[in-house]
Amino acid sequence: MRPTIVDPHEGKGPPLIELAGVSMEFGQLRALEDVDFQLWSGEVVALLGDNGAGKSTLVKIITGYHEPTRGEVRAMGRRVRFKSPAEARGLGIETVYQDLALIEELSLWRNFFLGKELHKKVGPVSFSLHRREMQRRCEEELKRIGITRIRSADQRVSLLSGGERQSLAITRAVYFGAKVLLLDEPTAALSVRETERVFQAIQHARDQGLGIVYIDHNVEHVYRAADRIVVVERGRIIGSYVRGEVGIEELVGLLTRGEPHELSLLPATADGQS
Amino acid sequence: MKHFSDIVSKLLQARAFGAVAAMVILAAVFQTMSGNFLTSSELAGIAQVAAPLGIMGVGVAFLMISGEFDLSVGAMYVFVPILMGLLLTKLFWGVWPAFFAALAVAAIIGLGNGIITTHFGIPSFIATLGTYFILTGVTFMVTGGYSIDYFHPNALFTMLGATIGTEGLTVPFLWMLAIGGIFWFVLNHTRYGNWTFAVGGRTGVSRALGVPVRRVKTINFVLCAVLAGFAGCTTFANLSSAQPSEGSSDTLLAIVAAVLGGTSLFGVEGSIAGTVFGALVLGALETGLVLVGAPGTLYQAMIGGILIVAVIMSIRFVSVGSLLGRFGASR
């Protein structure tokens, strides 16, 4: 007899992102095989897996870099076929790359509003950039995320630490109304305190109702930051756990052996050596 | 004392600082040596030398800020008026159509530079070096090395290159100020300017934020080429003669003006006002050396020295700035 499963997402509407039976092939190479995946509003889902497991491919399908060979992608409940990352971005699917978030030599406000500049208007015609307003708003956001030693948004990004940059990039995405946020190793090479800062920005984004996909190798970071952990191995999803349902040791075991710790209902991979 | 250090750091941050400082030093030296450097006719002479360099330099600075180089500007500066002169004297076109046709050709060549660089991924250094040789070669081929004179007075030439008043102030100087003003506004106060800054940095960031990197760079190549051609036409109008040899040795002076004005060789940073000052410094140097009776050849040697000092100074200021943290602001 099956136990009654309470769906935690009941009544929330469709997931923000849903992949159904998605496969991705590059020539002979099968990067993803028959993957089902959901991302809901207000959750942080970590993708865990070794290099080449298919995490990046999965993310790139969501962000519109790749069109899947087979299967369906739905965004906010509607079937989508992204032809470019710009299309995905148009639906509020934003990516924050570890080292491609901000332009170091450029001032904070120019970075923050890059591509979404505010203008002064003369009648209906936008005339010139509204520098003061952009500076003010950028300073406000900096203060809100606890970067207080910066005196002016006219200063350069290069004055920020790595964690501060990541936080600012995440904050920027939230500020401009992103619904889905993809983070590629946002805490790589960061100190403990810096990592904490980034986690705070992630929590804030989640509390605003964003769905966040978080890629990382670091099992402990993943365990701290994620509400749900999805393990990818050889192009398949081999496990999906709510945090607390699985221990760190089990996750490490999964990663190193490349197969579920205990017998699971998922099919084993054909060539799954341990 | 906080105020004082703020003012000092603001001054050092200003990208035009080096050019302004050089200007003051040159003026002091030449004034002391000759006693009549700061006269209206000498200043008009400076303005005359500086004007085409400044007009070209503005385009060069704009392109450099967006992370690309154009080594062909000097050749463009020579080629476009030659082309205009040929249309006037060989095909008997009117001045207006000849002028616009020549500028259109400049735009197409600039577009070519842009496409070669952004779509084929060839460094702009190499692409525009190629263009430089092609333009120089074609210029000599079609002229045989002789200048093209056009002495018929006309409204266009007056607007482009007339001399105003008795001291010899020329219209191109006003064009430099006007063009400088327009491009300063575009760079600092429009979205396109913001994108120009941004694409000079790591392009992945801009692309990820939806900035059309290739388009911005390509447009800046076109602007740079057209401004170089336009500068050439003002000289043509001013002298009533298009010279195939002029500019060949001065090919890189517009780039020197931009660098003197604080434009970074690595993109993102730069100043239009600084570039105009940089052009004025070059004008002052040439005019002043003539005034004190130095051999003409000294000019080039001195420019080389000044360029190296300027680049070292700009790199020093940047690194000192990031060390102290407080000088770090940019536009």
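Is Arg234(A) buried or exposed? Arg234(A) counts as buried, because 20 C-beta neighbours lie inside 10 Å and a residue is buried at 20 or more. The model toured here is a predicted one.

**First stop: two residues with positive phi**

Keep Arg234(A) selected. The residue sits in the loop between strand 11 (228–233) and strand 12 (236–242) of chain A. Its phi is positive, about 45°, although Arg234(A) is not a glycine. Most residues other than glycine have a negative phi.

Next, select Asp34(A), another residue that is not a glycine and has a positive phi, here about 50°. Asp34(A) belongs to strand 2 of chain A. Asp34(A) is partly exposed, with 15 other C-beta atoms within 10 Å.

**Second stop: the open sheet of chain A**

Four strands of chain A make up an open sheet in the order 2-1-4-5, with antiparallel pairing. Strand 2 (29–39) and strand 5 (78–80) of chain A are the edge strands, each pairing on one side only. On average, neighbouring strands of this sheet are turned by 30° against each other, direction ignored. Strands of a sheet pair through backbone hydrogen bonds.

Now select strand 1 (residues 17–26) of chain A together with strand 4 of chain A: five bridges join these antiparallel strands. One pair to display is Glu18(A) with Arg74(A), its bridge partner in strand 4 of chain A.

Arg74(A) also leads across to strand 5 of chain A, where its bridge partner is Arg79(A). Strand 4 (residues 70–75) and strand 5 of chain A pair in the antiparallel sense over three bridges. The hairpin of these two strands has two residues between the strands, and Met76(A) in this hairpin takes a positive phi near 50°.

Select residues 55–62 of chain A, which form helix 1. Lys55(A), Thr57(A), Leu58(A), Ile61(A) and Ile62(A) are buried in this helix. Just after helix 1 of chain A, select Gly64(A), which takes a positive phi of about 85°.

Step back to chain A as a whole. The secondary structure of the chain comes to eight helices and twelve strands. Chain A has 274 residues, of which 42% count as buried. Among contacts in chain A with a separation of 6 or more, 66% involve residues 24 or more positions apart.

Colour chain A by its domain assignment: domain 1 covers 17–95 + 163–257, and domain 2 covers 103–159. The centres of these two domains, taken over C-alpha atoms, are separated by 29 Å. Where the domains touch, nine residues come from domain 1 of chain A and six residues from domain 2 of chain A. For the domain 1 side, select helix 5 (residues 162–175) of chain A, which provides the largest share, seven residues. The residues on this side of domain 1 of chain A divide into four nonpolar, two polar and three charged.

**Fifth stop: the contact between the chains**

Display chain A and chain B together. Here 22 residues of chain B are in contact with 23 residues of chain A. On the chain B side, select helix 9 (191–199) and helix 10 (203–208), each of which supplies at least two residues. Helix 9 of chain B gives the largest share of that side, four residues. By residue class, the side of chain B that touches chain A holds eight nonpolar, ten polar and four charged residues.

**Last stop: the largest nonpolar core**

Which residues touch the most other members of the largest nonpolar core? Select Ala46(A), Leu181(A), Met76(B), Leu227(B) and Val281(B), which have this place among the 168 residues of the core. Helix 3 (residues 40–65) of chain B contributes the largest share of the core, 16 residues. The core also draws at least three residues from each of domain 1 and domain 2 of chain A.

Leaving aside its neighbours within four places in sequence, Leu227(B) is in contact with Ile55(B), Met56(B), Val58(B), Gly59(B) and Ile179(B).

How values were computed. Residues are numbered from 1 along each chain as its sequence is written. Chains are lettered from A and ligands numbered from 1 in the order in which they are written. This is a predicted model: local features need pLDDT of at least 70, side-chain atom pairs count only at pLDDT 80 or more; totals for chains, interfaces and linings use all residues. Domain bounds come from an automatic or database domain assignment. Two residues are in contact if their C-beta atoms, placed from the backbone, lie within 7 Å. Ala, Val, Leu, Ile, Met, Phe, Trp, Tyr, Cys and Pro count as nonpolar, Asp, Glu, Lys and Arg as charged, and the others, Gly among them, as polar. Two strands pair if DSSP finds at least two bridges between them. Axes are lines fitted to C-alpha atoms, for helices over the stretch in contact, and angles run from 0 to 180 degrees between N-to-C directions. A nonpolar core is a set of buried Ala, Val, Leu, Ile, Met, Phe, Trp, Tyr and Cys residues joined through C-beta atoms within 7 Å. A residue is buried if 20 or more other C-beta atoms lie within 10 Å of its own, exposed if 12 or fewer, and partly exposed in between; C-beta atoms are placed from the backbone.
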